[in-house]
Amino acid sequence: MPGVVVVNTNPYEGQKPGTSGLRKKVKVFLQENYTENFIQSILDANKDAIKGSTLVVGGDGRYLVKEVVDKIIKISAANGVAKLLVGQNGILSTPAVSCIIRKYKTLGGIVLTASHNPGGINNDFGIKFNCSNGGPAPDHTTNDIYALTTAIKEYRIVPDLVCPIDKIGVYTFTVEDRQFSVEVIDSVSDYVAYMKEIFDFPKIKTLIQGSEQRKPFNVLIDSMNGVTGPYVKKIFLEELGASQKNVTRITPLEDFGGAHPDPNLTYAADLVTAVKNGDYDFGAAFDGDGDRNMIIGRDAFFVTPSDSLAVLANHLEHIPYFQRSGVRGYARSMPTAAAVDRVAQKSGKEIFEVPTGWKYFGNLMDAGRLSLCGEESFGTGSDHVREKDGLWAALAWLSVLAATGDSVEDMLNKHWKEFGRNYFTRYDYEECASDPCNEMMQALEKTMTAPGFVGSAHASGGKTYVVKLADNFSYMDPIDQSVAMKQGLRIIFEDGSRIVMRLSGTGSSGATVRLYIDSYEATDVSGDAQVMLKPLIDVALQLSQLPKYTGRDAPTVIT
Ligand code: VG1
Ligand code: CO
């Protein structure tokens, strides 16, 4: 009978979860007891509920996932957890973890991913705790976890417990006279079964394979060597009748094949090129852990995530799940352009604006007030789970395209004609030095809150913008009244245009500055976003003095 060992340890600094979990370089997690401390703190944050509980464990297949699954098994066994549901070989996409927590009503789950950050020994790893609703832990829970990491003195582990995770099955152990079991589950089956309930698979299959009315709709689905590979294989190749030429990079690799698994125009350039040069009607890419999506149409026509959300919001009636449950409200993160707000207005539904991070949508969904939401960072999802869901978004798009018979570009043109267009762009300045970025944010906040700033005029490129509101965004959750402060600097102008600036909470080193710009045009809808937004971008760079503080004259990524 394997025994529990209590190991003395010392706290590490900086184990504070960011926008979505703790993300650091692999080498940081490899320090002695670093990972063990954090896992013990997650379990302790659940207090007595951990005893006899069931947790879901899985990750995106990146370097270190299997080793950390093994540690979670050993530490859970020592802390009185009754059962773990572990994805085979440690593989579970982030939305699949959410789905499994909800389906089996577990206490929560531990997700091993640094999402869209590169993987491999020299890159990033991450650990995130999700609660019993299937969503990322809210701020008060991550604050508890962090507080525990700063005071930890020991952790409990069963070092001799050996459990295979490569074979599906139930493995049972006796630890201190308690039963402890690990059920290794198929990584894709629960999630795929759920997608088949949500969507009309035969209809999507007819779209892809073609019919007398419509020639085959040629899709290209890119998993970017991330966790969605096996899900894409099952759904697209086995269920929807697609062929090998419709899928790419569907084997999860520990280092994502050297790719940066972030589905945007820069890092998913291979997909963009393939769709541009090939005879494809639709392209979709997903990030490392499968919660993000990018949608493009024929000739690589790009759909901004803010528009994607709005178009789906306007067409949810084509999806069986919403036919059954109806559509409650909509929501978006603050930096996301307000296209969906106009759809909400038209349909008389509630619309919420929350801080960046999916954890802020959870309460609204649990309270039955939110059906569909999204973020400008390529996140779209619904209340079917409590994470954003890349594959779900691609299937939602295909459902709508099948029902309307339109091309992706037609869908957008019709949408803009009806609602007007929210032009949007995001500039990312990755891995800058932290101190000057903090100074820049402080200085900008000072400028923005100085007397006379509201009402001041800012001119560039023949346009003049007059400030209507300037603040550091704060949010009170309408369900539990919890408050999140300092969620991003925003300047809103009289004409509704916005400049938003915030520092990323997902980077693993240095600081990443995100600058978001958007403006609304009721009729001038066929312009190029970069051209349309250039004057506002210049105003933002002037006001923030970004080039001076960061030493950068161009962003790393433009979306
Ligand atoms: C980024 C995005 C945010 C998203 C978060 C997690 O956060 O901006 O919208 O929710 O990543 O997504 P930040 O703090 O770096 O801006 V994922 O797919 O990395 O879990
Ligand atoms: Co992700």
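Leaving aside neighbours within four places in sequence, phenylalanine 256 is in contact with Asp60, Arg62, Asn117, Pro118, Gly119, Met224, Asn225, Gly226, Pro261 and Gly288, where contact means heavy atoms within 4.5 Å. This is a predicted model, where local features need pLDDT of at least 70 and side-chain atom pairs count only at pLDDT 80 or more, while totals for chains, interfaces and linings use all residues. Residues are numbered from 1 along each chain as its sequence is written, chains are lettered from A and ligands numbered from 1 in the order in which they are written, and side-chain values use heavy atoms, leaving out hydrogens and water.

Phenylalanine 256 sits in the loop between strand 11 (247-248) and helix 9 (269-277); helices (H or I, at least four residues) and strands (E, at least two) are DSSP runs, numbered from the N terminus. With a relative accessible area of 0%, phenylalanine 256 is buried (under 20% is buried, over 50% exposed, and in between partly exposed, with a 1.4 Å probe and protein chains only).

Beyond its neighbours within four places, threonine 113 touches Arg23, Asp60, Arg62, Thr94, Phe125, Gly126, Ile127 and Asp289. Its side chain also makes a polar contact with the side chain of aspartate 60, at 2.6 Å. A polar contact is a pair of N or O atoms within 3.5 Å; within protein, one must be able to donate a hydrogen and the other to accept it, and residues adjacent in sequence count only if both atoms are side-chain atoms.

Asp289 leads on to the metal. The cobalt ion (ligand 2) has Ser115 (OG), Asp287 (OD), Asp289 (OD) and Asp291 (OD) as its protein donors, at 1.9 to 2.1 Å. Donors are N, O and S atoms within 2.8 Å of the metal (3.2 Å for Na, K and Ca), and water is not among the atoms, so sites may look incomplete. Serine 115 lies in the loop between strand 5 and strand 6, and aspartate 289 in the one between strand 12 (282-286) and strand 13 (293-297), so the pair ties together parts that are 174 residues apart in sequence. Serine 115 is buried at 2%, and aspartate 289 is buried at 2%.

Now for the charged pairs. Side chains of opposite charge can pair when their charged atoms come close. The whole structure holds 35 salt bridges, a salt bridge being a side-chain nitrogen of Lys or Arg within 4 Å of a carboxyl oxygen of Asp or Glu. Here are some of them:

| Salt bridge | N to O distance |
|---|---|
| Arginine 178 and glutamate 176 | 3.3 Å |
| Arginine 332 and aspartate 341 | 2.7 Å |
| Aspartate 538 and lysine 534 | 3.0 Å |

Arginine 332 is buried at 5%, whereas aspartate 341 is partly exposed at 21%. Both belong to a salt-bridge network that links Arg332, Asp341, Glu353, Asp471, Arg490, Arg498 and Asp518. Aspartate 538 and lysine 534 both lie in helix 17 (residues 529-544), 4 residues apart, about one turn of the helix. Of that pair, aspartate 538 is partly exposed at 23%, and lysine 534 is partly exposed at 44%.
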